[in-house]
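Visitor: Please put the model up. I would like to go through it by question and answer.

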2 protein chains.
Amino acid sequence: MDFSAKLSAAWAKNDSLLCVGLDPDLDKLPKHLASSTDSLFVFNRAIIDATTDLVCAYKPNSAFYESLGADGVNQLKKTCDYIRENHPHIPILLDAKRGDIGNTNEHYAQFAFDYLGVDAITIAPYMGQEANAAFLARADKGIIVLCRTSNPGAGEFQDLEVDGKKLYQLVAERVSTDWNEHNNCLLVVGATSPTELADVRTLVGDDITFLVPGVGAQGGDVEATVKAGINQQGTGVIINSSRGIIFASDGKDFAEAARKEAESLRDEINKYRN
Amino acid sequence: MDFSAKLSAAWAKNDSLLCVGLDPDLDKLPKHLASSTDSLFVFNRAIIDATTDLVCAYKPNSAFYESLGADGVNQLKKTCDYIRENHPHIPILLDAKRGDIGNTNEHYAQFAFDYLGVDAITIAPYMGQEANAAFLARADKGIIVLCRTSNPGAGEFQDLEVDGKKLYQLVAERVSTDWNEHNNCLLVVGATSPTELADVRTLVGDDITFLVPGVGAQGGDVEATVKAGINQQGTGVIINSSRGIIFASDGKDFAEAARKEAESLRDEINKYRN
């Protein structure tokens, strides 16, 4: 099953547009886990088991594993393996924001798709379509390109005007057409800017799915995000929350607390879908 | 010693502007090494020992290690540790082209500077200065921002015109001024476009160093690159070659062959410095 079909099935099965970001910052883990071996994986496993019927995807961010070096990367792999083996219907998005020249990207694609076995990866657009061919050629995988990001300073380059269009609009146009030969491209559009989210939806039509970070800890409004981002079918978005869910409690009830937050956010999102 | 001082000392000590890219693609390693444990590290160690008096820097590209997963990352660390312990005067540039929101970049900075212990990292500009604060705050490290890259399709976004300037020119201006509060910013400008290289040198003046990939396998011309890129002091560039040097031979003489290529390229670069 390709990424798009797997995502659609997860949207439907769990009636959910919610993605949980697996960003297990060691400093924020529940105290009783922080010192154990494989603590990132043990933490993730509990979060995953507690939320698997509430989400349309999991999104581990590579940085939170890389900061622990080879051991962290090993725990990232264990996390991806665990999801694939125990919850095979939930797609895994690797948030890695990679982007290099062609033969180098081939190695990043191997890391994501062959070593970790994830279903999708985030990449950066700056080096262009030609550089990213190794990702785009993976027809069965989701290639999620940064378009308008959720950080406060996103506009520094993304909002620059080029022939009456903003750079992020041009990225949206190029990615949704030329880059999208295999119908495997998605866009990152942040929840912190619903105006830009609505704008990109209008630009690219209903067939491109958005990964939408920025609700929760980053301050994006759920109602505005859903209304601006969804397509005519009431889907077309993967709304991510990381810290707001996984660190809902730092006690022994952390997984239960995460479930509660995930359920509440899933339901709040659904309230605005129609 | 901060990055800039370490680089200047290496330029002077080895009379070299040459950087060797440590991109040990498993498929291209000498056959007698390919199946051994830690083959990437064993390969790198031989290349390093054979070239340490000829280079101003080593640049491992993270992708070539990540594609082997946790084991590859471990070999990347061993490579960095080996250089630091045995050739401490040679700066290590981690080519990783990272770029995410603030708290995530903090983890990428930890990977590069605290876990691997490298002296500099390449980053992508698309998310802006604010997102990259965690890198830029490392005053003693080199922060090398993509400006005009060496790939054939680099111009897709980088050459777009914004108010009469190209996007890469705007990136060069912003990075060399606002981003450069700690005087720790460098720019990536490819050898495959000497016109853009000369243009960026004129724009940013003599104090910003360029990492220049693209000579050798990618086809950049050495004479044009040196003349377009160097500053008034005859330095200001780190000219990288990876495949052209490290895969000069796939026999047992690979390190010797790499030394020969490195020496020849170092000398050719020096011929055009004055």
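Guide: This is a predicted model, in which local features need pLDDT of at least 70, side-chain atom pairs count only at pLDDT 80 or more, and totals for chains, interfaces and linings use all residues. Residues are numbered from 1 along each chain as its sequence is written, with chains lettered from A and ligands numbered from 1 in the order in which they are written.

Visitor: How many residues of chain A are in contact with chain B, and with how many residues of chain B?
Guide: Contact means C-beta atoms, placed from the backbone, within 7 Å. On that basis 43 residues of chain A touch 42 residues of chain B.

Visitor: Which element gives the largest share of the side of chain A that touches chain B?
Guide: Helices (H or I, at least four residues) and strands (E, at least two) are DSSP runs, numbered from the N terminus. Among the elements of chain A giving two or more residues are H5 (69-86), H6 (102-116) and strand E6 (161-162). The largest share, 7 residues, comes from H6(A).

Visitor: Which residues of helix H12 of chain A are buried?
Guide: Buried means 20 or more other C-beta atoms within 10 Å of the residue's own, with C-beta atoms placed from the backbone. The cover over the buried residues of H12(A) includes H11 (194-204), E9 (210-212), E10 (237-241) and H14 (254-271) of chain A. Within H12(A), residues 222-229, the buried ones are A:Thr225, A:Val226, A:Ala228 and A:Gly229.

Visitor: Which are the edge strands of the open sheet in chain B?
Guide: Strands pair if DSSP finds at least two bridges between them. The sheet has 8 strands in the order E2-E1-E10-E9-E8-E5-E4-E3, with parallel pairing. Pairing on one side only marks the edge strands, E2 (57-60) and E3 (93-98) of chain B.

Visitor: Why do H3(A) and H14(A) count as oblique?
Guide: Angles run from 0 to 180 degrees between N-to-C directions, along axes fitted to C-alpha atoms, for helices over the stretch in contact. Under 35 degrees is roughly parallel, over 145 roughly antiparallel, 65 to 115 roughly perpendicular and the rest oblique. The axes of H3 (residues 39-51) of chain A and H14(A) come within 9 Å and cross at roughly 45 degrees. The pair is therefore oblique.

Terms used:
Contact = placed C-beta atoms within 7 Å. Buried ≥ 20, exposed ≤ 12 C-beta atoms within 10 Å, placed from the backbone.
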